[in-house]
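User: I keep meeting terms in descriptions of structures. I want to see what stands behind each one. Can we take this one step by step?

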Amino acid sequence: MGVEALAESLGQNVLTTTLAKLIGWGRGNSVWPLQFGLACCAIEMIHTATASVDIARFGSEAMRASPRQADMMIVSGRVSQKMAPILRTIYDQMPEPKWVISMGACASTGGVFNNYALLQGVDKIVPVDVYIPGCPPRPEDLLNALMILQERIKAQGITPRQ
Amino acid sequence: MIVDSLIVDRGVSAGDAWITVASENARDALSALKGDGYQLLVFLTCVDHLADQSRDWPARYELLYQLRNLETREQLRVRAFVDGDPPRIDSVSDLFPPANWDERETYDMFGIVFTGHPDLTRILMPDDWVGHPLRRDYPVGGEVVEFSEEHEAWRTAPEKA
Amino acid sequence: MADGAGESVSSEIGQGITIAKTGEPGAFGGELLTINFGPHHPSTHGVLRLIVDLDGEQVRRLKPVIGYLHTGIEKQAEALRWQQVVVVTDRHDYLSPPINNLAYALAVERLLGVDVPPRAEALRVIMSELTRLSSHLVWLGTSGIELGASTMLMYCFRERDTILDMNEEISGFRMHTSYIRPGGVMADATPRFLEMLDRFIAKMPSNIDEYEDLLTMNPIFRSRTIGIGRLPAEDAKVLGATGPMLRGSGVAWDLRRSMPYSGYENYDFEVATSDLCDCYGRYLVRIKEMREAVKILRQALDRLPDGPVNIDDRKVLPPPREELETSMEAVIHHFKLFTEGYTVPPGDVYVAVESGRGENGCYVVSDGTHKPRRVKFRAASFVNLQPLERMAMNHMVADMVAIIGTADAVLGDVDR
Ligand code: SF4
């Protein structure tokens with residue numbers, strides 16, 4: 001094989017990129033969500049995983065029950081004052097890098113329940129990357145949020161949060 | 001058989017039959033009614049009548065026991081009025097097992113102490129919570145929403161509740 | 001103590017949950033082991049927490065700990081006006097919003113002393129049965145996945161999606177429809193809705209056959225449910241269980257039949273029961289109920305009467321849109337209704353309806369103002385969770401998944 005032929009075949013088979021981009025690409029396309037259903041929104045989250053919407057197209061169908069195996073927490077539903085410490089514990093148990101989607105009006109702001117029992121927005125205890133409005137948001141909204149998050153993950157470097 | 005001397009008052013509200021009994025006798029009355037066939041306690045709850053001008057209430061807290069006879073399908077609501085700090089009434093959780101959690105909830109939400117309850121702890125709120133949220137002098141809480149019509153009223157002061 | 005209880009009672013009031021080492025001997029000489037499940041656990045159906053004493057792998061004691069989804073719905077209802085409360089009723093038992101709406105609407109209507117027109121009643125029945133179906137579908141799908149039948153989830157949610165599309169067509173919203181409200185329903189059914197419903201009714205029985213093909217004779221499913229979680233009829237009655245929990249123990253008690261509301265007495269359907277008293281029995285009851293729900297839907301659709309869907313009372317319901325452009329009076333009514341709301345005569349009333357889980361009731365107290373004095377939801381799941389210890393006793397830990405699954409507690413309903 002001559003040198004020119006070798007160069008040509010390498011050009012067809014080898015891709016050069018930066019490490020940061022490669023890692024971002026890998027992370028972004030396999031975001032494993034933590035299965036953290038809290039209330040009504042969780043039902044719509046299940047819908048997102050089923051056939052008609054199919055979150056598997058975006059590489060996030062592997063809902064993990066254990067925080068140790070998850071990259072992203074979807075807080076789907078209302079977080080009560082009693083649940084808040086547990087939610088924070090679970091968030092702390094997730095390995096870095098980790099992301100949080102706050103799904104629904106309740107998780108984002110307390111929703112229609114502006115009262116003593118609910119945490120008025122989950123961002124009081126964990127940092128949130130994407131908020132989804134709606135009560136409950138449609139499954140498509142969750143997909144949209146996931147896509148936004150993927151864009152962000154891909155743009156972030158090797159160490160997402162300094 | 002429930003004897004008439006236990007019944008203080010009786011009536012019908014929007015089609016639901018009810019009787020009132022003195023709070024000391026509530027347990028006796030309920031046990032007699034259970035003997036009469038009202039086997040199921042559908043629910044037990046409390047209403048706080050603080051500053052309710054619409055009627056004359058004998059006491060601040062009204063306890064309600066909704067009973068049902070599964071054979072004849074009759075329903076009966078038993079009312080008992082309690083006052084005091086803390087308000088107390090005898091537990092019926094041994095007569096009607098579903099009352100166990102209902103009484104815990106009523107204790108949690110209204111601070112009614114059910115004497116004789118096996119495990120009177122908070123059930124819905126965290127164990128270290130202060131106050132009883134469904135009392136009328138407990139503010140709704142949450143966050144103030146600017147310009148909302150309710151935004152003053154939601155922090156209802158007890159006198160105006 | 002700032003909770004007004006005073007020092008004197010602290011001896012009566014326990015200090016919350018303490019997990020002591022049991023020290024009791026187990027069957028093999030060891031000690032009983034206390035284990036905590038949840039509130040974030042894949043098999044506990046939402047945020048239920050269980051504290052279990054185990055002897056080896058057998059359950060000796062079980063204590064559900066609830067409240068992790070306490071939303072303050074009853075307090076919230078006291079701060080809202082009568083017509084606004086409909087919105088929060090949707091959200092307590094979030095798998096059966098229209099049925100919760102119905103309980104509240106019937107209660108308020110009883111206090112107001114009004115009756116809704118026949119078409120509204122039929123539409124209410126249609127929405128209730130659709131909801132029952134969708135709620136059972138969620139139950140079947142999630143219980144299936146917990147027992148290892150992941151296909152169930154895909155199949156069931158496929159049909160649930162159809163139902164949600166219908167919800168969207170009739171009310172504009174997928175889940176929390178707020179469709180049934182005091183005085184009638186939100187809007188009349190569109191022709192497209194009726195068409196979708198017709199197609200759905202025609203298709204659904206074969207879908208249910210499909211689920212049954214997968215589960216009913218499936219040896220794995222049967223061995224994980226038959227004889228597991230026994231709840232004899234007597235116990236079920238004493239413990240206050242309702243709905244499929246009670247009917248799965250052979251007691252034919254269905255509020256739609258026993259204490260009919262919304263014209264259920266005019267429909268021909270069977271009350272599904274099973275004498276097996278175990279998880280499998282409850283599964284059979286729910287499958288049967290889905291078939292009966294389709295039957296009711298067919299009858300309701302065929303006999304859907306014409307006419308208005310709302311009572312003609314401008315004090316309770318807003319005037320139609322067209323009238324607002326021509327009539328000053330209508331504008332005034334509209335304004336009054338949305339700034340002040342309506343008042344309800346003083347009194348109290350309890351109305352119970354049959355949801356997918358059992359008796360979902362609504363107890364309403366009015367003090368004559370434009371806000372309710374007290375709204376209490378009698379939650380079926382709250383009561384149905386109490387027999388859990390009775391059912392799980394002496395079973396293996398793995399069986400608890402089936403038992404909790406067939407109890408079908410919706411935690412939003414338990415904690416409100
Ligand atoms: S946002 Fe709406 S749907 Fe979601 S948890 Fe809150 S009440 Fe339920």
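Analyst: Let's begin with one term: contact means heavy atoms within 4.5 Å. Keep in mind that this is a predicted model.

User: How many residues of chain A are in contact with chain B?

Analyst: Seven residues of chain A meet that cut-off, and they touch 14 residues of chain B.

User: How do you put a size on what chain A and chain B bury between them?

Analyst: An interface is often sized by the accessible area lost when the parts come together. For chains A and B, that comes to about 890 Å². Carbon and sulfur atoms account for 59% of it. On the chain A side, A:Lys82, A:Asn114 and A:Tyr116 lose the most area to chain B. Together they make up 72% of what that side buries.

User: How is chain A itself built, and what pattern does it follow?

Analyst: Chain A has six helices and four strands. Along the sequence they run α-α-β-α-β-α-β-α-β-α. Its C-alpha atoms fill a box of roughly 75 × 35 × 25 Å along the principal axes.

User: Now the ligand. Which residues are the closest to it?

Analyst: A:Cys40, A:Cys41, A:Ala105, A:Cys106 and A:Cys135 are the closest, out of 14 residues that surround the ligand. The cut-off here is a heavy atom within 4 Å. The ligand itself lies between chains A and C. Two elements give two or more residues to the shell: α3 (40–49) and α5 (104–109) of chain A. The largest share, three residues, comes from α5(A).

User: What makes up the shell by class?

Analyst: Eight residues of the shell are nonpolar, four are polar and two are charged. Cys and Ala both count as nonpolar. So A:Cys40, A:Cys41, A:Ala105, A:Cys106 and A:Cys135 fall in the nonpolar class.

User: On to chain C. What makes α4(C) and α6(C) roughly parallel?

Analyst: Look at the angle. Helix α4 (residues 118–146) and helix α6 (residues 191–215) of chain C pack at about 30 degrees, with axes 13 Å apart. Angles under 35 degrees count as roughly parallel. So α4(C) is roughly parallel to α6(C). Their crossing is left-handed.

User: Which residues meet there?

Analyst: From α4(C) come C:Ile126, C:Met127, C:Leu130, C:Leu133, C:Leu137 and C:Leu140. From α6(C) come C:Phe193, C:Leu197, C:Phe200, C:Met204, C:Tyr211 and C:Leu215. Ile, Met, Leu, Phe and Tyr all count as nonpolar. The division is therefore 12 nonpolar, no polar and no charged.

User: Last topic, the backbone. Which peptide bond has an omega of about -10 degrees?

Analyst: The bond joining A:Glu96 and A:Pro97 does, and it is cis. A:Pro97 lies in the loop between α4 (84–93) and β3 (99–103) of chain A. The bond from A:Cys135 to A:Pro136 is also cis, with omega near -10 degrees. A:Pro136 sits in the loop between β4 (130–132) and α6 (139–155) of chain A.

Definitions and conventions:
Residues are numbered from 1 along each chain as its sequence is written. Chains are lettered from A and ligands numbered from 1 in the order in which they are written. This is a predicted model: local features need pLDDT of at least 70, side-chain atom pairs count only at pLDDT 80 or more; totals for chains, interfaces and linings use all residues. Side-chain values use heavy atoms; hydrogens and water are left out. Axes are lines fitted to C-alpha atoms, for helices over the stretch in contact, and angles run from 0 to 180 degrees between N-to-C directions. Angles under 35 degrees count as roughly parallel, over 145 as roughly antiparallel, 65 to 115 as roughly perpendicular and the rest as oblique. A crossing is left-handed if the near helix is turned anticlockwise from the far one by less than a right angle, and right-handed if clockwise. Buried area is the accessible area (1.4 Å probe) that two parts lose on being put together, summed over both.
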